[in-house]
Amino acid sequence: MTIGAGLRGPGVLVIEPMGNAGRFLTEAADRLGLRLYAATHKEVHDAYPDRLRSALAGLCATDLTDTARALDDMAAFCRLHRPAGVAACFELFTPLAALLAERVGLPGNDPRLARAARNKVLMAEAFAAAGVPAPRWAAARDAAQAHRIAATGGLGRPLVVKPAEQGGSWGVSVVDGPGPLGAAVAAAQRFTHARPHGLRLDTTVLLQEYVPGPEYSCDTVVADGVAHPLPVVRKDTTPGRYRIETGHTCPAGLDEELTGIVQATAARAALAVGIRNGIAHTELKIPPGTRTPYVIETGARLPGDNLCEVVEAATGISEAAAHLQAVLGRVPDTAPTAAGAASIRFLLPERGGVLRRAAIPAVPGTHSELYLRPGDAVPEPADSSCRIGHVVARAGTAERARDVAAEVVARSRVEVG
Ligand SMILES: Nc1ncnc2c1ncn2[C@@H]1O[C@H](COP(=O)(O)OP(=O)(O)OP(=O)(O)O)[C@@H](O)[C@H]1O
Ligand SMILES: [Mg+2]
């Protein structure tokens with residue numbers, strides 16, 4: 001007998017599972033025997049892939065851009081369907097999840113700090129208050145103010161210019177000197193509303209000291225205020241003005257002590273922005289010659305970029321399952337069950353235009369996916385929306401996984417006209 005999603009329990013209400021992590025969340029719910037409900041806009045739900053729609057036990061159709069209405073609608077939905085947990089799956093709605101959890105009496109993050117996990121100005125304040133190592137920063141309303149801040153020299157050179165509220169490296173620029181600063185501020189303020197829901201964004205611009213050195217990410221699952229560290233992942237980006245993620249590798253290749261320091265710093269960052277029941281994705285850089293990780297940002301959500309797959313392939317840990325367990329108030333499973341390695345590399349275009357041809361060779365131990373088809377528009381390589389596809393490689397060591405994935409990308413054909 002097949003038991004449908006609707007007959008199982010307990011349930012978790014997911015606020016917008018449409019992103020990259022939604023797929024991993026539905027797979028983990030299936031394994032844990034949980035029902036997943038989605039809260040989103042009706043027209044966004046209509047555009048879900050069939051696989052996601054059919055994995056859901058129900059829909060709370062609401063307007064996530066209207067906090068009061070969304071909370072009323074979701075609270076009424078909770079009274080009817082009695083979910084045992086609330087999970088955010090979309091960075092911009094993580095504050096809503098905290099507010100809803102408090103309102104309906106379910107485990108959740110600290111609603112007083114919840115906006116700090118979404119807004120990078122509030123995040124910088126929360127890190128400073130908690131003593132989390134982070135780049136020096138200043139906020140600007142416009143280009144004139146940004147020029148005045150840069151002219152003081154207090155943040156050094158180069159400067160990182162970014163929107164207070166965005167993701168995917170959209171509007172993030174590394175600028176050296178006053179010349180490109182005005183354009184960088186304009187890029188950071190370009191988006192006033194977020195797609196696809198139309199949520200209004202804070203257009204404050206954050207100026208940050210540039211932290212040199214290799215970059216890592218480390219997720220932390222917090223259950224009833226207790227932080228459980230997850231594996232550290234090495235993150236590669238493009239150099240230069242636009243920092244687009246080119247790949248991620250797990251394990252990160254750090255020694256045991258430094259791994260522990262990164263995990264402890266990521267946990268402090270998560271707790272500083274009020275994570276109490278759920279996962280946080282934290283990005284950090286370690287300046288050369290030091291063993292001090294600086295936190296670039298943290299988000300109260302699962303990672304994107306298929307990182308759930310990379311971490312699980314390398315260690316056996318399901319971050320999505322751990323997140324669901326935490327939002328249900330359970331102790332998350334975070335013990336590794338494998339000691340392998342995995343790496344994901346993204347195919348980036350050299351310039352924007354129209355995709356003429358894209359092909360990734362099939363190599364044993366790897367699998368790949370193309371996001372675009374010939375004829376599709378390819379955005380300029382200024383943020384992660386320009387990616388054409390990816391390859392994931394599994395191997396016995398991180399070096400091997402990274403090399404194999406890089407080789408497959410090097411042998412791939414991308415023609416943009
Ligand atoms: N202060 C900084 N010093 C050095 N590099 C930085 C700094 N801030 C951002 N970067 C680089 O730019 C990338 C994107 O910045 P950030 O993570 O703040 O933006 P985002 O839009 O949230 O990115 P994403 O969603 O891609 O992680 C970082 O991963 C890092 O490589
Ligand atoms: Mg980031």
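## A tour of the two ligand sites

Start with ligand 1 in this predicted model: the shell around ligand 1 is made up of ten charged, seven nonpolar and six polar residues.

Select the residues that come nearest. Of the 23 around ligand 1, these are Lys120, Lys162, Gly168, Ser169 and Glu215.

Next, colour the strands. At least two shell residues come from each of β6 (159-163), β10 (205-209), β12 (226-237), β14 and β15.

Now show the polar contacts of ligand 1, one residue at a time:

- Glycine 168: a backbone N or O atom lies 2.6 Å from an oxygen atom of ligand 1.
- Valine 211: a polar backbone atom is 2.8 Å from a nitrogen atom of ligand 1.
- Glutamate 245: here the side chain takes part, with an N or O atom 3.2 Å from an oxygen atom of ligand 1.

Switch to a surface view of ligand 1. Taken alone, ligand 1 exposes 600 Å², and the protein buries 97% of that.

Move on to ligand 2, the magnesium ion. Which residues coordinate the magnesium ion? Select Glu283 and Glu297: the OE atoms of these residues coordinate the ion at 1.9 to 2.0 Å. Glutamate 283 sits in strand β14 (residues 278-285) and glutamate 297 in strand β15 (residues 294-299), so the pair ties together parts that are 14 residues apart in sequence.

Is glutamate 283 buried or exposed? Glutamate 283 has a relative accessible area of 7% and is buried. Glutamate 297 is buried too, because its relative accessible area of 13% is under the 20% cut-off.

Terms used: Residues numbered from 1 in each chain as written. Chains lettered and ligands numbered in written order. Predicted model: local features only at pLDDT ≥ 70, side-chain atom pairs only at ≥ 80, totals over all residues. Heavy atoms only, no water. Donors = N, O, S within 2.8 Å, 3.2 Å for Na, K, Ca; no water. Helix = DSSP H or I, 4+ residues; strand = E, 2+ residues; numbered from the N terminus. Buried < 20%, exposed > 50% of the residue type's maximum accessible area, 1.4 Å probe, protein only. Near = heavy atom within 4 Å. Polar contact = N/O pair within 3.5 Å; in protein donor to acceptor, adjacent residues only side chain to side chain. Areas by Shrake-Rupley, 256 points an atom, 1.4 Å probe, with all protein chains shown as cover. Nonpolar A, V, L, I, M, F, W, Y, C, P; charged D, E, K, R; others polar.
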